[in-house]
Amino acid sequence: MPITLYRKAHFNAAHRLFRKDWTDKKNNAVFGKCNNPNYHGHNYELIVGLTGEIDPETGYLIDLKTLKDIIVEEVEQPFDHKNLNLEVEEFKNLNPTVENIAVVIWNKLRKRLESKFEISVTLYETPRNFVTYTGN
Ligand SMILES: Nc1nc2c(c(=O)[nH]1)N=C([C@H](O)[C@H](O)COP(=O)(O)OP(=O)(O)OP(=O)(O)O)CN2
Ligand SMILES: [Zn+2]
C-alpha cells in the first residue's frame with residue numbers, strides 16, 4: 001500500500017522576473033514590481049513528498065536523514081542566500097518564477113532518488129503564493 005513521506009526545508013533567495021529578450025516596457029507591463037532591476041527577495045518554503053512502499057524490514061520508505069541530506073545538497077546549499085538570476089546556473093537563462101524553481105528542484109531531486117519513488121515538490125514563494133509539481 002503506497003504511503004507518502006514529507007520533508008520540509010526552506011531557503012532565502014533574491015530574484016528578478018524578466019526576459020532579456022524583451023524591452024523594459026514589456027517586462028514592466030508583464031512582471032511589474034517583480035521586474036525591479038535591483039532584485040527582491042523571498043523566504044521560500046519547500047515541501048518534498050516521496051510516495052512508495054514501506055520497507056517491511058525497516059519500516060522506512062526512505063531514511064529521513066538521507067532525504068534531508070539530498071535536499072540540503074541539491075536545494076539549500078545552491079539556492080540559500082543566493083541571487084537566483086546571477087548565481088544559480090539553472091536560472092541564468094530561465095525566469096526564476098515559483099513554477100520554474102519548483103520544476104528545477106523536482107528535476108534535481110529526481111536524479112538523486114530511486115525511481116521507485118514518486119516525487120512531489122510544493123514550493124511557497126510567499127505564504128499565499130505556492131505551486132505543486134509532480135512531474136506528470
Ligand atoms: N505565476 C506567477 N506569478 C507571479 C510570480 C510567480 O513566481 N509565478 N511571482 C511573483 C513575485 O515574484 C512575487 O511572488 C509576488 O510578490 P507579492 O505580490 O508581494 O506576493 P503576495 O501575493 O504575497 O502579496 P500580496 O500581499 O498578496 O499582494 C508575482 N507573480
Ligand atoms: Zn518575487
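This short talk walks through one predicted protein model, from its overall layout to its core, its annotated residues and its ligand shell.

Before the details, a word on conventions: residues are numbered from 1 along each chain as its sequence is written, while chains are lettered from A and ligands numbered from 1 in the order in which they are written. Since the model is predicted, local features need pLDDT of at least 70 and side-chain atom pairs count only at pLDDT 80 or more, whereas totals for chains, interfaces and linings use all residues.

Let me begin with the overall layout. The protein has four helices and five strands, where helices (H or I, at least four residues) and strands (E, at least two) are DSSP runs, numbered from the N terminus. Read from the N terminus on, the elements follow the order β-α-β-α-β-α-α-β-β, and the C-alpha trace spans about 60 × 25 × 25 Å along its principal axes. If we call two residues in contact when their C-beta atoms, placed from the backbone, lie within 7 Å, then, of the contacts with a separation of 6 or more, 68% are between residues 24 or more positions apart.

Now to the inside of the protein. A residue is buried if 20 or more other C-beta atoms, placed from the backbone, lie within 10 Å of its own, exposed if 12 or fewer, and partly exposed in between; by that count, 21% of the 136 residues are buried. In soluble globular proteins, nonpolar side chains tend to be buried together. A nonpolar core here means a set of buried Ala, Val, Leu, Ile, Met, Phe, Trp, Tyr and Cys residues joined through C-beta atoms within 7 Å. The largest one holds 20 residues, and those touching the most other members are Leu46, Val48, Val75, Ala102, Ile105, Val121 and Leu123. Two or more residues each come from strand 1 (3-15), strand 2 (40-52), helix 2 (64-79), helix 4 (98-112) and strand 4 (118-124), with helix 4 giving the most, namely five. To take one member, Val75 is in contact with Ala9, Phe11, Leu46 and Ile105, if we leave aside its neighbours within four places in sequence.

Let us turn to the annotations, remembering that UniProt positions are given in the numbering used here, that feature names are shortened, and that annotations may be inferred rather than shown by experiment. Under "binding site", an unreviewed UniProt entry lists His15, His40 and His42. They span 28 residues in sequence, yet no two of their C-alpha atoms are more than 8.2 Å apart, so they gather at one spot.

Cys34 sits in the loop between helix 1 (24-31) and strand 2 and is partly exposed, with 17 other C-beta atoms within 10 Å. Glu125 lies in the loop between strand 4 and strand 5 (130-133) and counts as buried, because it has 20 C-beta neighbours inside 10 Å.

Finally, which residues are around ligand 1? Taking residues whose C-beta atom, placed from the backbone, lies within 6 Å of it, they are Leu17, Cys34, Thr97, Val98, Glu99, Glu125, Thr126, Arg128 and Asn129.
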